[in-house]
Amino acid sequence: MNGTQTGGRRHRVVIVGSGFGGLFAAKALRRAPVDVTIVARTTHHLFQPLLYQVATGILSPGEVAPATREILRRQRNVEVLLGEVTDIDLERRTITANAPLTTFTTEYDSLIVAAGAAQSYFGHDEFAEHAPGMKSIDDALELRGRIFGAFELAELETDPAAVERWMTFVVVGAGPTGVEMAGQIAELAHRTLPGEFRRIDPRKARIVLLDAADSVLGTFGEQLSAKALRQLRRLGVEVSLGTTVVGVDDAGIDLVDGNGQRSRIGCMTKIWAAGVSGSPLGARLAAAAGTETDRAGRVKVEPDCTLPGYPEVFVVGDLMALDRLPGVAQVAIQGGQHAARQIIRQVRGEPARQPFRYRDKGSMATISRFSAVATIGRLRLSGFTGWLLWLAVHLLYLVGFKNRVTAVLHWFVSFIGRGRSERTVTLQQVLARVALQQVTGAADRLVPGAGGTPSAPADTAPVAPPHQRPDAAVPGPEAARRGAPESTTG
Ligand SMILES: Cc1cc2nc3c(=O)[nH]c(=O)nc-3n(C[C@H](O)[C@H](O)[C@H](O)COP(=O)(O)OP(=O)(O)OC[C@H]3O[C@@H](n4cnc5c(N)ncnc54)[C@H](O)[C@@H]3O)c2cc1C
């Protein structure tokens with residue numbers, strides 16, 4: 001095809017999603033003789049691994065979520081469109097997307113679907129209302145509001161039992177996200193907030209981390225897992241393993257332990273860091289292609305990351321099921337770059353497709369300031385050395401010089417000092433989700449689909465991981481992320 005098609009126009013590549021997979025695919029097409037359209041439902045590229053720092057007041061949203069069009073402003077062959085893709089017509093080669101107040105359809109010659117994953121409650125979506133997950137800037141800001149708000153409301157309470165409920169924080173899921181979140185709430189309670197309140201002592205906050213599995217950071221191996229557990233306990237985090245969540249409401253969480261013993265923790269703040277399932281778009285795509293998704297809702301692809309029967313459609317990142325690769329940033333980055341390379345080969349007239357070869361660059365998770373665990377090949381790092389590596393890798397992968405500089409300043413404030421520069425919360429941030437649900441729900445009742453957020457078809461409901469008990473929600477490992485060793489963002 002040599003870069004042009006009949007009609008003299010250039011090869012059109014449409015990319016769905018501006019996360020790691022979508023952004024790195026677009027960048028890899030920088031010098032290719034193609035026209036690229038990114039369609040994403042947010043205007044930013046989100047660096048999800050640092051969301052927990054937005055939730056705990058260390059970083060601002062802008063530092064982890066720069067505008068996609070700003071990142072790509074110098075890349076003349078890319079346009080960025082805001083829209084939630086609701087339909088992919090594989091025969092006509094078009095995608096249709098909803099944006100506020102409009103719907104548009106775009107044609108493609110090659111399509112890269114990098115729509116990522118959503119939070120999974122393992123069939124118990126009703127938990128979401130009281131135990132928000134952490135997948136988006138909205139989630140992180142809502143959690144920030146809930147965490148700092150809990151201390152404020154504890155200060156106002158006179159009933160000791162109610163104070164205790166406000167000052168108890170339960171994090172469900174002891175994978176990297178849960179460990180990082182629990183560690184940061186502990187640092188808030190023990191380093192940042194003491195001295196600021198007059199009626200409560202923030203150091204008395206109870207932080208509980210629980211998981212159905214029998215270890216924290218299980219994929220890091222026994223040695224690092226044990227170190228992480230010790231470090232968490234030193235920080236004052238109560239770790240409860242082999243524990244299954246069976247109920248969540250506004251004032252607490254109901255649990256069953258390994259012996260079938262039921263218990264309840266009274267707590268106002270619950271954070272869900274336990275599971276992910278592929279974006280609903282994946283199930284729609286698989287159904288249209290007559291192919292399958294795996295149990296986590298990810299699309300099963302050919303070895304070259306294409307949709308079976310549709311060599312012009314690539315699925316990459318968290319939405320891709322291939323060789324049991326984990327849902328981590330490096331899989332998405334390398335998958336996006338691989339898809340771009342295959343498209344370049346095609347427009348150059350080199351038709352033979354290459355299989356995707358993933359290079360595992362290692363895994364890491366922070367526990368607290370100056371303490372992290374990391375694996376790179378056979379190397380195992382922990383403590384301060386692990387943390388230095390974490391710092392270097394995250395600086396390298398944060399997008400934009402400006403963001404790196406301000407992130408370093410904020411880390412300096414929080415890790416060397418005790419402060420948190422990004423503590424601003426508004427009631428609207430906490431209530432906006434409920435309000436939005438009501439507004440979009442009302443709009444949907446008047447005009448189906450008008451709410452802009454298409455509800456997932458029945459067959460796209462999150463699928464529980466194999467170890468789920470049929471009668472209970474299992475706060476199991478962060479399903480896809482822990483399906484195989486987690487890679488770092490580096
Ligand atoms: C809290 C958290 C912490 C993490 N920590 C780490 C870590 O330390 N190390 C690591 O390697 N990985 C980590 N991960 C995983 C990593 O972030 C993901 O694997 C990675 O982001 C996947 O990239 P992706 O491009 O497939 O999807 P995403 O980055 O999720 O991007 C999906 C994109 O698709 C868009 N989109 C979705 N549906 C539609 C639609 N219908 N229409 C249009 N656009 C759509 C979204 O808006 C987004 O732009 C973490 C994830 C989370 C949530």
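Which residues does I88 touch, not counting residues up to four places away in sequence? I88 touches T94, I95, Y108, L111, V113, L281 and L285, where a contact means heavy atoms within 4.5 Å. The views below come from a predicted model, in which local features need pLDDT of at least 70 and side-chain atom pairs count only at pLDDT 80 or more, while totals for chains, interfaces and linings use all residues. Residues are numbered from 1 along each chain as its sequence is written, and side-chain values use heavy atoms, with hydrogens and water left out.

**Figure 1. The whole chain.** The chain holds 13 helices and 23 strands; helices (H or I, at least four residues) and strands (E, at least two) are DSSP runs, numbered from the N terminus. Of its 490 residues, 56% are buried. Buried means under 20% relative accessible area, exposed means over 50%, and partly exposed lies in between, with a 1.4 Å probe and protein chains only. Among contacts between residues at least 6 apart in sequence, 66% join residues at least 24 apart.

**Figure 2. The nonpolar cores.** A nonpolar core is a set of buried Ala, Val, Leu, Ile, Met, Phe, Trp, Tyr and Cys residues joined through side-chain atoms within 4.5 Å. The largest has 123 residues, of which I88 and V113 touch the most other members. This core draws at least three residues from each of domain 1 (6–41 + 83–119 + 277–347) and domain 2 (125–273 + 363–394); the domain bounds come from an automatic or database domain assignment. Another core, of 17 residues, lies apart from it and includes F122, F127, V172 and V248.

**Figure 3. Helix α1 and its surroundings.** Seven of the nine residues of helix α1 (residues 20–28) are buried. These are F20, G21, G22, L23, F24, A25 and A26. They pack against β1 (11–16), β2 (34–40), α4 (68–71), β7 (110–113), α10 (329–347) and α11 (383–397).

**Figure 4. An open sheet of six strands.** The strands follow the order β3-β2-β1-β7-β19-β18, with mixed pairing; two strands pair if DSSP finds at least two bridges between them. β3 (78–82) and β18 (306–307) stand at the edges, each with a single partner strand, so one side of each is left without a neighbour in the sheet. Strand β19 (residues 310–315) and β7 pair in the parallel sense over three bridges. V315 in β19 is the bridge partner of V113.

**Figure 5. Two helices on the sheet.** Helix α9 (residues 280–289) packs on the sheet, touching β1, β7, β18 and β19, and its direction makes about 165° with that of β19. Helix α10 also packs on the sheet, touching β1, β2, β7 and β19, and its direction makes about 175° with that of β7. Axes are lines fitted to C-alpha atoms, for helices over the stretch in contact, and angles run from 0 to 180 degrees between N-to-C directions. The buried residues of α9 are L281, G282, A283, L285, A286 and A289.

**Figure 6. Residues with positive phi.** Most residues other than glycine have a negative phi. R93, although not a glycine, has a positive phi of about 60°. R93 is found in the loop between β4 and β5 (94–99) and is partly exposed, with a relative accessible area of 35%. C305, in the loop between β17 and β18, has a positive phi near 75°. C305 counts as buried, at 0% relative accessibility. Just after α9, G290 takes a positive phi of about 70°.
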